[in-house]
Amino acid sequence: MSALPSSVRFGVDQRLTRELPRFFGGLSACFRELFQNSFRGGALDVCIEVCEKSKTITFADDSVGCDDPLLVVRGGATGWDETKVTEPAGLGIFSFLNKELFTKVAITSKNWSIIVNTSDWVDRDIEIGRA
């Protein structure tokens with residue numbers, strides 16, 4: 001048996017990243033995250049379009065947007081001013097990655113966009129497109 005270390009540091013195993021989508025409460029949690037981010041970003045107008053034929057939901061707002069795509073995909077990163085915003089956990093994107101709800105998630109903000117395949121997103125690079 002190897003010697004015990006003198007200290008330990010908390011962290012998150014990559015396995016948890018894969019499991020996070022299961023911890024959210026379905027479609028209502030997705031909309032809660034979207035509206036919460038719109039509110040935090042100062043949106044005055046929100047537009048939701050549902051297309052039953054293509055099974056897509058488009059959510060658009062006029063908020064300030066997000067400059068850095070890493071803030072969207074990195075759990076715990078928020079970019080919000082935490083002195084002005086209540087409890088930003090930085091986990092909202094994971095509510096959308098539940099493959100029982102969605103097959104793909106497309107996000108566009110400011111000058112960038114990403115498309116995430118919900119069945120194949122862990123441990124792989126997600127290409128950043130130009131919006």
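A charge is said to sit over a ring if NZ of Lys or CZ of Arg is within 6 Å of the ring centre and within 35 degrees of the ring normal. The model shown in these views is predicted, with local features requiring pLDDT of at least 70 and side-chain atom pairs counted only at pLDDT 80 or more, while totals for chains, interfaces and linings use all residues. Residues are numbered from 1 along each chain as its sequence is written, and side-chain values use heavy atoms, with hydrogens and water left out.

**View 1. The charged end of R22 over the ring of F23.** The charged end of R22 sits 5.5 Å from the centre of the F23 ring.

**View 2. The aromatic pair of F35 and F59.** Rings of Phe, Tyr and Trp (its six-membered ring) pair if their centres lie within 6.5 Å, and planes under 30 degrees apart count as stacked, over 60 as edge-to-face and the rest as tilted. The whole structure holds 3 aromatic pairs, and one of them, F35 with F59, is edge-to-face, at 5.2 Å centre to centre and 80° between the planes. Because F35 lies in helix α2 and F59 in strand β2, the pair ties together parts that are 24 residues apart in sequence; helices (H or I, at least four residues) and strands (E, at least two) are DSSP runs, numbered from the N terminus. F35 is partly exposed, at 40% relative accessibility, where buried means under 20% relative accessible area, exposed over 50% and partly exposed in between (1.4 Å probe, protein chains only).

View 3. A pocket is, on a 1 Å grid over the protein atoms alone, an open set of points where a 1.4 Å probe fits, with protein on both sides within 12 Å along at least five of seven lines, and lining residues have an atom within 4 Å of a point. Grid points are joined across faces, edges and corners, and a volume is the space filled by probe spheres set on the points. At least two lining residues come from each of α2 (27-40), β2 (56-61), α3 (70-73), α4 (93-96) and β3 (104-109), with α2 giving the most, 10 residues. By class the lining has 24 nonpolar, 16 polar and 9 charged residues, where Ala, Val, Leu, Ile, Met, Phe, Trp, Tyr, Cys and Pro count as nonpolar, Asp, Glu, Lys and Arg as charged, and the others, Gly among them, as polar.

**View 4. The second largest pocket and T17.** The volume of the second largest pocket is about 590 Å³, and of its 23 lining residues the closest to the centre are T17, V73, R74, G75 and F94. Its lining has 16 nonpolar, 3 polar and 4 charged residues, and α1 contributes the largest share, 3 residues. T17 is in helix α1 and is buried, with a relative accessible area of 19%. Beyond its neighbours within four places in sequence, T17 is in contact (heavy atoms within 4.5 Å) with F94 and W121.

**View 5. Positive phi at K110 and D123.** K110, in the loop between β3 and β4, has a phi near 50° and is partly exposed, with a relative accessible area of 47%. D123, in the loop between β4 and β5 (129-130), has a phi near 60° and counts as exposed, at 60% relative accessibility.
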